[in-house]
Amino acid sequence: MLLRWSTCGFGLLGLRGLLAAEESRNPLAPKQPHLQARAKRAIFIFMHGGPSHLDIYDPKPRLERDHGKPLPFERPLTFAEEQVGGLLKSPFQFKRHGESGIPLSELFPKLARHVDDMCIIRSMVGDSVAHGGALMQLHTGTNTFTRPSWGSWVVYGLGTENQNLPGFITLKPTLFHGGSKNYSAGFLPAAYEGTAIGYAALGPDDLKEPIQYLERKGLSPELQRFELDMLQKMNRRSAEQANFDPQLEGRIQAFELAARMQTEAPEAFDIAKESEITRKLYGLDQEETRDLGWQCLVARRLSERGVRFVQVSHTYRVGNPVGWDAHSRLVPNHVGRAKQVDQPISALLTDMKARGLLDDTLVICSGEFGRTPVAQSGDGRDHNPYGYTSWMAGAGVKHGFIYGATDEFGYHAVEDRMHIHDLHATVLHILGLDHKKLTYFHGGRDFRLTDVAGNVAEKLLA
Amino acid sequence: MRRERKLGTPGTAVLLAGLVLGPSAGLLAGSEPEEFFETKIRPLFAAQCQSCHDAKQKLGGLDLTRREGLDREGSGGPVIVPGDAGTSELIRAVRYESKIKMPPTGKLSATEIADLTEWVRMGAPWPGLRTARRTDTAGGAFTEEEKSWWSFQPVLRQDPPAVRSADWVSTPIDNFILARLENENFEPAPAADKLTLLRRVTYDLTGLPPTEREIKDYLADDSAEAYETVVERLLDSSRYGERWGRHWLDVARYADSTGVDEDHKYPFAWKYRDYVVDAFNDDIPFDRFLQEQIAGDLFPAEEAGTVNARGIIATGFLALGPKLIAEQDKKKMLYDMIDEQIEVVGKAVLGLTLQCARCHDHKFDPIRQRDYYSMASIFRSTRQVEDWRAHVSELYFMPLVPEAESVQYFSHQKKIKLRDQQIKNIVEEQSAAYVMRVLPGVRKYLIAAREVKDAPPAPVPATAASAETAAEPDRDEALIRVASKHELDAVRLRKWIEYLKPTDEVRPHLNRLLEAGATELPAVAEHYRAEFEKTASKRYADLAAWRVEFDKALAKGEEPPERPRFFGGENRFFTETTTSNGPLGVSREQRKKVFSRDAFERLTQLEADLRELKRTLPPKPPMANAVAEEDPFQQRIFVGGNVHVTGAAVPKAFPAVLTHGKQPEITGISGRMELARWLSSPENPLTVRVIANRIWQWHFGEGLVRTPNNFGRLGAPPTHPELLDYLSSEFVNSGWSFKAMHRLIVFSNAYRMSTETASQARETDPDNRLWSHFNRRRMDVEEIRDSLLAIEGTIDFGMGGTLQSGEGQGMTTTNQLPHFDASKSYRRTLYLPLRRANIPKLLTLFDFADAATSTGARSSTNVAPQALFMMNSEFVSRVTEGFARRVLAERRTPDEQRVRQAWLMTLAKEPTAAEIEEAIDYISAFRKQSLDKDLTEVTSKRMEGPHRSPDYPAYHYNASTLAAWQSYCRVLLASNDFIYIQ
């Protein structure tokens with residue numbers, strides 16, 4: 001044993017050193033997945049505030065029947081304990097759609113045309129009744145600590161396809177309920193941090209320079225290159241003197257990548273290149289749909305260019321002060337929100353499908369929780385993490401498929417329960433990563449996105 | 001307690017006999033079935049069943065928190081037959097075989113059902129509290145292997161080993177390093193040249209570049225003490241505490257907000273930061289520094305009649321962690337806070353991951369779950385937040401003046417609150433009386449309102465002028481007509497009509513009223529009135545009774561009882577119509593008319609009183625985010641870490657493996673004082689080793705133990721254990737003085753080696769575990785930003801205070817960018833506000849310590865966004881312009897001299913003749929190229945910011961010269977030679 005160590009020990013060390021050097025040169029280089037990947041990349045559409053599954057995806061005749069009656073079982077912890085009353089039927093009509101006959105409510109007439117491409121998960125479960133914890137659990141797996149975002153885990157596991165763009169991009173993220181912690185790399189190296197494009201309050205027109213520091217005003221590209229050449233000359237000379245210390249090499253590469261990003265990235269965000277028809281399709285001509293339409297269109301452009309993980313956020317902003325958080329006045333709230341998202345999201349599916357992108361891209365849509373079947377303040381619904389709906393579309397999942405179910409009131413998930421950990425395990429699986437093998441050693445132990453939990457929902461895999 | 005009481009009830013006797021004397025007899029000794037129950041069944045009941053079947057809810061008479069609760073109250077009888085799973089109702093229910101299917105929320109997994117079946121088959125063992133401890137803490141005794149772990153052993157005073165090249169030795173550190181190098185046949189790297197060393201030690205001790213003057217002075221000083229002079233100057237500078245204090249702030253996971261979900265502000269966190277900076281500048285002995293941070297509030301004040309403000313502020317170490325104060329499982333929230341404190345104490349002070357033992361015994365280190373909860377007991381008896389049970393808990397602020405002083409402020413504030421309530425009470429009482437007076441007429445108003453509503457719309461007015469107000473006047477006509485017909489007040493009727501108008505709200509409670517046909521309308525209106533009266537009389541009576549109690553308490557100077565709460569959704573018709581602008585409400589203007597004269601006078605008097613009270617409010621006492629003693633608390637182990645499943649009680653204690661059977665006695669309320677003393681004792685081998693290792697690491701870039709926060713089995717062993725012990729004992733001997741350690745280290749030759757890496761080291765020791773050369777290191781973000789400001793000439797060396805505005809615990813719930821604009825500040829980087837949810841972009845870009853948890857070592861990445869920042873950010877553009885202007889300032893200076901100056905300012909290095917020539921060629925080529933371009937944009941932009949100068953045109957250089965020099969300055973600042981410390 002000792003002998004073997006002394007003969008190959010340093011050789012091994014040398015090899016590890018080389019790998020480490022490569023890693024430090026480009027932590028985002030594409031990596032071999034653990035498994036056969038069903039999808040190459042993902043787009044995550046986040047609905048902030050907690051859309052009501054009972055009024056969109058999960059019709060409950062029982063609520064119709066027992067409207068106004070008390071909940072017949074012990075109500076689990078809710079957020080606004082004192083204001084919660086009897087059962088509230090959905091004020092919206094449901095209709096079956098497509099060949100699959102999947103019901104959706106009248107809130108989403110456009111999305112309804114896509115049910116045959118969707119895999120609707122009616123049995124989502126999370127652990128937090130408050131927004132902050134719920135957002136963080138959805139994005140990072142835990143509602144308690146600061147941990148890497150799932151986008152960071154994905155890019156850590158897979159690298160990214162386009163070296164001229166970041167691997168994990170989050171468009172106009174929310175600044176609260178965890179804020180940047182929802183896309184931070186946590187303890188993973190900073191290279192895996194989500195690159196935020198603006199933040200929620202900014203409009204598409206405020207994002208002329210989507211990626212920070214992409215452009216130097218007042219200096220021609222030629223002069224910039226001239227300057228960069230001078231810098232790299234100095235850097236190479238000192239790297240030579242330092243016997244090619246990998247850190248110094250890495251920094252030289254970082255400047256070259258930055259220069260390539262400067263040419264490539266603005267083009268990726270330039271929606272002026274899209275046809276009038278496409279822009280209309282996403283609703284960029286309408287005030288209501290412009291914000292999410294811009295995000296969805298940019299998301300498609302980024303996916304098309306090989307960005308591994310893109311997040312789109314429909315979150316609190318002007319014209320949408322509380323997101324989907326309908327503690328009261330469910331009808332105007334959800335009607336208003338649905339108008340903002342129905343067209344952009346269905347446009348994204350239409351467009352991605354037409355371009356063949358749905359064949360290798362997974363689309364995920366979820367809120368941080370759903371809403372209670374019991375009324376709050378008479379005409380609203382409280383937070384419900386015990387059973388709600390998310391959906392996926394595109395590569396890796398069954399289409400026109402309903403997975404799991406809630407109880408007859410829509411309170412608890414009862415069939416094929418899909419805890420957020422399970423959702424994470426499943427998404428990683430679809431992208432070719434084994435959630436149990438995707439680990440990072442930190443602070444004395446290996447960490448996973450799914451902590452010690454998570455099961456892949458095999459039944460919904462295509 | 002409950003257990004004993006219930007034991008004797010007759011209904012449970014049979015079942016108990018079966019359990020205790022049947023197959024499960026003898027289980028109390030702590031055998032396998034017991035463990036089976038504790039690991040599989042009890043957690044399952046807790047997670048799946050107890051939300052309905054606990055001692056409080058007892059749905060179906062079943063209580064699954066206790067063995068005897070298996071026998072249902074009432075006629076149900078026992079739900080299990082010990083030993084016979086097939087006929088046990090519980091098993092049939094979970095298998096969904098019987099009519100009752102449990103849990104109703106979804107069938108348990110097959111494994112869970114199998115476990116339950118197995119448990120019943122075993123005879124349903126249910127160990128009592130007395131033995132439940134067994135699984136909480138698997139191991140009482142520690143194995144020899146566990147006890148002999150290196151870092152738990154006493155620190156041994158080490159004699160420096162002998163070396164062959166004795167003349168290389170400058171301080172004893174060198175003996176340890178060289179002996180090992182000689183042993184492995186390595187040569188130490190040659191000494192760093194004079195300027196490299198100056199730059200290294202200046203950044204190391206102050207985080208700033210040496211100034212031109214400092215460089216010149218040092219080069220001019222060829223005495224033997226030149227280096228010592230520099231080191232002493234640096235150690236005396238206040239910049240030292242800012243640099244080294246920031247190291248500790250990483251470990252203490254310092255930030256200015258709670259982070260996690262709502263990111264509430266810690267308004268006084270900065271006082272803790274300033275305390276840390278001062279402690280380093282004053283070289284406070286580390287043992288005292290540590291004691292203050294754990295229990296500073298418990299140390300007496302230095303002056304009589306004051307409080308120990310400094311000590312209170314120091315406890316910010318415990319108080320300033322991430323806190324999830326909006327979490328609704330309040331007990332979990334509280335224990336997450338406690339867990340966070342155990343974690344930070346463990347990692348920062350002991351180098352142990354104590355928090356791993358929250359759910360089970362530590363998997364790798366000899367830390368038992370029992371140890372964890374013994375520590376938790378200490379922090380559970382410590383005040384964490386003002387009221388942990390509140391919906392969104394309030395942060396705790398401790399006054400920094402004696403109680404006699406702060407009490408004035410708080411009692412005055414309380415008076416304001418009470419006066420305010422008295423005012424509300426009169427308004428409520430009088431409004432209620434008014435409502436009851438007009439209540440009989442409500443039926444008539446409702447009918448009339450419907451009549452107006454149903455009146456046929458008036459014909460379209462002919463003129464354009466009246467068209468704008470078309471709808472209203474005509475309704476008015478109907479309104480007046482109907483009002484006079486029924487002899488009603490038109491103003492009040494209008495309010496009713498307004499109320500009944502459709503809104504975008506769903507108001508199912510009004511449907512009957514709005515849809516009633518003409519014939520049934522009177523009856524329906526009467527129904528609404530009657531329902532209203534029912535609610536009103538009940539509530540008004542409750543409130544009146546409460547007001548009596550309130551006034552009584554007020555008269556006696558006692559705490560008034562809480563106001564009764566009503567659920568607004570119960571009778572929305574009542575709630576909505578009685579708001580101050582509702583049809584039955586009393587607006588502020590109406591008060592005089594509607595209230596009794598006496599009441600109105602009292603109200604006016606109280607309102608004047610309140611204004612006066614607010615005017616005379618004494619100034620708010622200075623406060624700190626701190627911890628304090630709480631009521632003593634008997635902590636129990638939480639089975640599986642689940643705060644809702646309690647196990648055995650534990651005493652307050654420190655991890656057993658570290659106390660060697662000599663557990664210090666804890667007599668204080670929380671035990672923090674004892675904890676502070678135990679942690680800071682020279683006898684505690686971990687504390688001193690951990691800090692000695694950190695000091696080494698902060699000088700050398702890597703620790704002797706490369707996992708500074710983990711000295712346990714998953715940590716790295718020390719590269720030089722004897723050296724670590726030598727440093728540790730020296731540290732204690734020096735009186736725990738940081739500055740003594742700095743001298744010991746920076747005067748060593750190990751520290752003064754160059755970064756030159758021999759090929760032998762590169763190939764066989766790539767991680768430099770032998771310390772054969774000095775580690776090249778990238779500047780951290782504070783060094784980068786502070787250097788840029790220093791080179792720009794704009795840095796503001798003002799110390800302390802906060803750049804955060806506002807006082808309360810304001811949270812972030814909007815999507816407007818809340819954080820401070822770092823680019824507009826010239827203060828040193830450690831003073832920038834740190835909102836955990838929105839750490840300034842620049843900081844995270846360059847690997848700032850994540851304030852989520854104690855950071856032992858930051859990472860050091862090289863990624864494209866950092867390069868973009870250096871190339872394109874407005875901040876760097878501004879800085880390079882200021883830098884270029886400094887270099888260009890003197891008209892007569894030759895360009896070679898300017899290049900030389902720029903090099904000294906940034907790289908602390910003399911350029912060679914070839915490098916000067918290259919620079920001058922670059923600048924003139926750039927200028928030539930840029931002359932062809934339109935530079936107007938550059939020049940106009942330049943008129944903003946700190947370099948704006950009214951005499952701009954009078955400068956001896958033009959825009960393209962400035963642009964060319966600015967570009968060269970940028971090249972220097974973006975270069976590896978700048979950002980790496982050699």
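The questions and answers that follow concern a predicted model.

Q: Why are helix 9 and helix 10 of chain A called roughly parallel to each other?
A: The axes of helix 9 (residues 287-304) of chain A and helix 10 (residues 330-354) of chain A cross at roughly 25°, and since angles under 35 degrees count as roughly parallel, the two helices are therefore roughly parallel to each other. Their axes come within 8 Å, and helix 9 of chain A passes helix 10 of chain A in a right-handed crossing. Among the residues that make this contact are A:Leu292, A:Cys296 and A:Ala299 of helix 9 of chain A, together with A:Val341, A:Ile345 and A:Leu348 of helix 10 of chain A.

Q: How do you know that the span of helix 5 of chain B is close to the one expected?
A: Helix 5 (residues 110-121) of chain B, with its 12 residues, reaches 16 Å from the first C-alpha to the last, and at 1.5 Å a residue the expected value is 16 Å.

Q: What puts the buried residues of helix 5 of chain B on the same side?
A: The buried residues of helix 5 of chain B are B:Leu116, B:Trp119 and B:Val120. Because they cover an arc of only 95° around the axis, they lie on the same side of helix 5 of chain B. On the other side of this helix, B:Ala110, B:Thr111 and B:Ala114 are exposed.

Q: What follows helix 5 of chain B?
A: Helix 5 of chain B is followed by B:Gly123, whose phi is positive, near 105°.

Technical notes:
Residues numbered from 1 in each chain as written. Chains lettered and ligands numbered in written order. Predicted model: local features only at pLDDT ≥ 70, side-chain atom pairs only at ≥ 80, totals over all residues. Helix = DSSP H or I, 4+ residues; strand = E, 2+ residues; numbered from the N terminus. Expected span 1.5 Å × (residues − 1). Buried ≥ 20, exposed ≤ 12 C-beta atoms within 10 Å, placed from the backbone. Arc of directions from axis to C-beta. Axes fitted to C-alpha atoms, helices over the stretch in contact; angles between N-to-C directions. Parallel < 35°, antiparallel > 145°, perpendicular 65-115°, else oblique. Left-handed = near helix turned anticlockwise from the far one by under 90°. Contact = placed C-beta atoms within 7 Å.
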